Amino acid sequence: MPDPVPPAPTQRSRLFAIFGGSAGNLVEWYDWYVYSAFALYFAPVFFPKGDQTAQLLNTAAVFAVGFLMRPIGAWIMGVYADRHGRKAGLTLSIGLMCGGSLLIAVAPGYAAIGYWSPALLILARLMQGLSVGGEYGASATYLSEMASQKHRGFFSSFQYVTLIMGQLLALAVLLVLQATMSEATLEAWGWRIPFLIGGALAVSVLYLRRRLMETQSFHAAKEREGPKSGMFALFRHYPGQALLVIALTAGGTLAFYAYSTYMQKFLVNTSGFSRETATAIMACALLVYMALQPLVGGLSDRIGRRPIMISFGVLGVAATVWIFRSLEAVRNPIEAFLLVLLALAIVSGYTAINAVVKAELFPANIRALGVALPYAIANALFGGTAEYVAFYLKDIGMESLFYWYVTGMIGVSLIAYLWMRDTKRHSLIDRDLD
């Protein structure tokens, strides 16, 4: 017999659960973003031939390869989280991320083992891609199900708060190492330190996640008749919702990676700022951006999810090309900070609420997979390839096409936002315990 549905969590237990799920998400994304933050330093170690743009193009290709595993991770661990629990899925994902991070930390360079060196880098990113693919669906589902109905947008926004916090932590480690090590030391071996830190943090997260409580929605779903979670069941029974997730994600994820991870390289490679100045600009902008997420999430609890996402679509289409062209010519760090912050403020209309929007589209028995797999497909196609497309277009002298590419994909997602119903008013999470 299935376990009975547990009583509703108290405010204290709900806050602990949200904190626990978010803390694990922070470590996952710290490990993921350390690769991007330190790419300028370790690119010559694994790819010694060519100029800086060519080396970054190679590391961006490996970054994209990691995204190819995310749909597989979303599929495997989304099904696992739907069948065995959100808590079980969250615990499984952190081990894979830890292993990938430690592998990068100890991998020999090209000078020592030749082509085996980039092969090990690719293997590590495949492991991390598998982990992040499963983490997104499990954490988005867990946070959305644990949050109260009135504050679901606010609490689920902490998925991106911790995601950004992981990116900020990666940048903070970079700033500390830049201040305490010479450039030659960082390029020789100092870049390995942040990967070791990520592996160590994962151990504490494993302990924390084992103490999390399971959601009422998962327990209720186990007692009901319904299709078991699986790829065939997802696209057979919920094809419209799955395609909607792909469409609403495409422009949002591309804009997010263009405005955040790629932007640091853009400030160095195109705007002409030093590595240290570009890191400081991004750290300050991301700190403010992180604080915006709960504000936007809370606003969606009042006015609905759809108006927020439409605002992102309209502003993204209108301002993206202008922001990038302005950054090409900017030389003042404060002006650059304001332009980057404007871009990040615009994409907050997607990032702050995308997790809860997706979770509200699916019933509990297939929710983790429904959130994770279509998102991972869109992310692999558009988010994971963002840096590679940007560097390729720059390499062939057509960098401005990237600005229009981002604008066009935001426009595609805007059509989805205009067409969809407001999930706040039609949430399937509200029906889980009926």
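Guide: Axes are lines fitted to C-alpha atoms, for helices over the stretch in contact, and angles run from 0 to 180 degrees between N-to-C directions. The model is predicted: local features need pLDDT of at least 70, side-chain atom pairs count only at pLDDT 80 or more, and totals for chains, interfaces and linings use all residues. Residues are numbered from 1 along each chain as its sequence is written, and side-chain values use heavy atoms, without hydrogens or water.

Visitor: At what angle do α5 and α7 pack?

Guide: Helices are DSSP runs (H or I, at least four residues), numbered from the N terminus. Helix α5 covers residues 86-106, and helix α7 covers residues 116-146. Their axes lie 8 Å apart, and the angle is about 155°.

Visitor: How is α5 directed relative to α7?

Guide: Roughly antiparallel means an angle over 145 degrees. The angle of α5 with α7 is about 155°. Therefore α5, relative to α7, is roughly antiparallel.

Visitor: How are α5 and α11 directed relative to each other?

Guide: Helix α11 spans residues 193-210. Its axis comes within 8 Å of the α5 axis, and the two cross at roughly 165°. So α5 and α11 are roughly antiparallel.

Definitions and conventions: Angles under 35 degrees count as roughly parallel, over 145 as roughly antiparallel, 65 to 115 as roughly perpendicular and the rest as oblique.
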